[in-house]
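Student: I have a new model open and would like to talk through how its features get their labels. Could we take them one at a time?

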Amino acid sequence: MKKTQLIQKFNKQAAKYAKKRKKQEQNKWRKQIFQSAKGKTLEVAVGAGMNFAFYPKDIEYIGVDFSPQMIEQAKEAAKEYGINAKFIISDVESLNFPENSFDTIVSSGSLCSYEDPVHVLNLFNQWCKEDGRILLMEHGLFSVPALAWIQKKLDVFVVKAIGCHQNRDILDIVKQSNLIINKHERALLGYLYLIWANPQKIQ
Ligand SMILES: C[S@@+](CC[C@H](N)C(=O)[O-])C[C@H]1O[C@@H](n2cnc3c(N)ncnc32)[C@H](O)[C@@H]1O
């Protein structure tokens, strides 16, 4: 699908995501992983700002999304939760930051939509400081084979409807990148992937 079509698809979902934000305040997995954000923090594909409720208030935050409507919702969320935030409207896959720019890089529900998720993870590897952390909360293939089979069959239709792939093995994708996995957990029959990673600086 063309990027312009994808942006339109996500623009249309922005109000729905903003409504969901209140319910997400109780999300134990978001809390578990994103409360460990520290320092200069980049969140890619921020959407409507679902994670703001969980960040320590003293982070220096930059959020990126290619959907202007999502960014509008995220700005509201940052105000609501008292996060000192700056925003960039951009495609994450063609974004440029100097090496070692961030203490923390956050992604939730974004590896499902990139053309080349391994490339994006390798960008995180460059942008993250050597002693920094990459925090991922992603959805992907169930660990139950029958459910994973259904996801693979339905993938083409789900991408058309909402712009997200359902057929990705997130752990395998992260293993293909340069990142080092420090810890990982699965929940919801394996559908939800929580991954704490560190950059691997090749000298
Ligand atoms: C499934 S939503 C997740 C939003 C949010 N992170 C959350 O946890 O609710 C995917 C988000 O990624 C954004 N997105 C998808 N592909 C992108 C890309 N290549 N560059 C920037 N943003 C992208 C969409 O606009 C949307 O806001």
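Tutor: Gladly. Let us begin with L189, which sits in the loop between β6 (180-187) and β7 (192-198). Keep in mind that this is a predicted model.

Student: Why is L189 called exposed?

Tutor: Its relative accessibility is 54%, and exposed means over 50%, so L189 counts as exposed. The backbone of L189 deserves a look too: phi is near 60°, a positive value in a residue other than glycine.

Student: Why is N100 called partly exposed?

Tutor: The relative accessibility of N100 is 38%.

Student: Let us turn to the helices. How do you know whether the length of α5 agrees with its number of residues?

Tutor: Helix α5 (residues 145-162) has 18 residues, which at 1.5 Å a residue should span 26 Å. The end C-alpha atoms of α5 are 23 Å apart, and that agrees. There is still a bend to note in α5, a kink of about 55° centred on L154. Just after α5, G163 takes a positive phi of about 85°.

Student: And what is the end-to-end distance in α1 set against?

Tutor: It is set against the 32 Å that a straight helix would reach at 1.5 Å a residue. With 22 residues, α1 has end C-alpha atoms only 28 Å apart, which is short of that span. A kink of about 45° is centred on A14 in α1.

Student: Which residues of α1 are buried, and what do they pack against?

Tutor: The buried ones are L6, F10, Q13, A14, A18, R21 and Q24. They pack against α2, α3 (68-81) and α5. Seen from the other helix, A148, Q151, D155 and V159 are buried in α5, and α1 (3-24) is included in what covers the buried residues there.

Student: Why is C164 called buried?

Tutor: Buried means under 20% relative accessible area. C164 has 7%, so it is buried. Its place is in the loop between α5 and α6 (170-176).

Student: Which residues does C164 touch, leaving out those up to four places away in sequence?

Tutor: C164 touches F10, C112, H139, D155, V158 and V159. Among these, F10 is one of the buried residues of α1, while D155 and V159 are buried in α5.

Student: Now for the largest pocket. What volume does it have, and which residues lie nearest its centre?

Tutor: About 770 Å³ of space lies in the largest pocket. Of the 40 residues that line it, Y17, S108, G109, S110 and H139 lie nearest the centre. H139 also touches C164.

Student: Which element supplies the largest share of that lining?

Tutor: That is α1, with eight residues. Elements that each supply at least two lining residues include α1, α2 (28-34) and β5 (128-139).

Student: What makes up the lining by residue class?

Tutor: The lining of the largest pocket has 19 nonpolar, 12 polar and nine charged residues.

Terms used
Residues numbered from 1 in each chain as written. Predicted model: local features only at pLDDT ≥ 70, side-chain atom pairs only at ≥ 80, totals over all residues. Heavy atoms only, no water. Helix = DSSP H or I, 4+ residues; strand = E, 2+ residues; numbered from the N terminus. Expected span 1.5 Å × (residues − 1). Bend = angle between axes of the 7 residues up to and from the residue. Buried < 20%, exposed > 50% of the residue type's maximum accessible area, 1.4 Å probe, protein only. Contact = heavy atoms within 4.5 Å. 1 Å grid on protein atoms, 1.4 Å probe; cavity = no way out; pocket = protein on both sides within 12 Å on 5 of 7 lines; lining within 4 Å. Points joined across faces, edges and corners; volume = space filled by probe spheres on them. Nonpolar A, V, L, I, M, F, W, Y, C, P; charged D, E, K, R; others polar.
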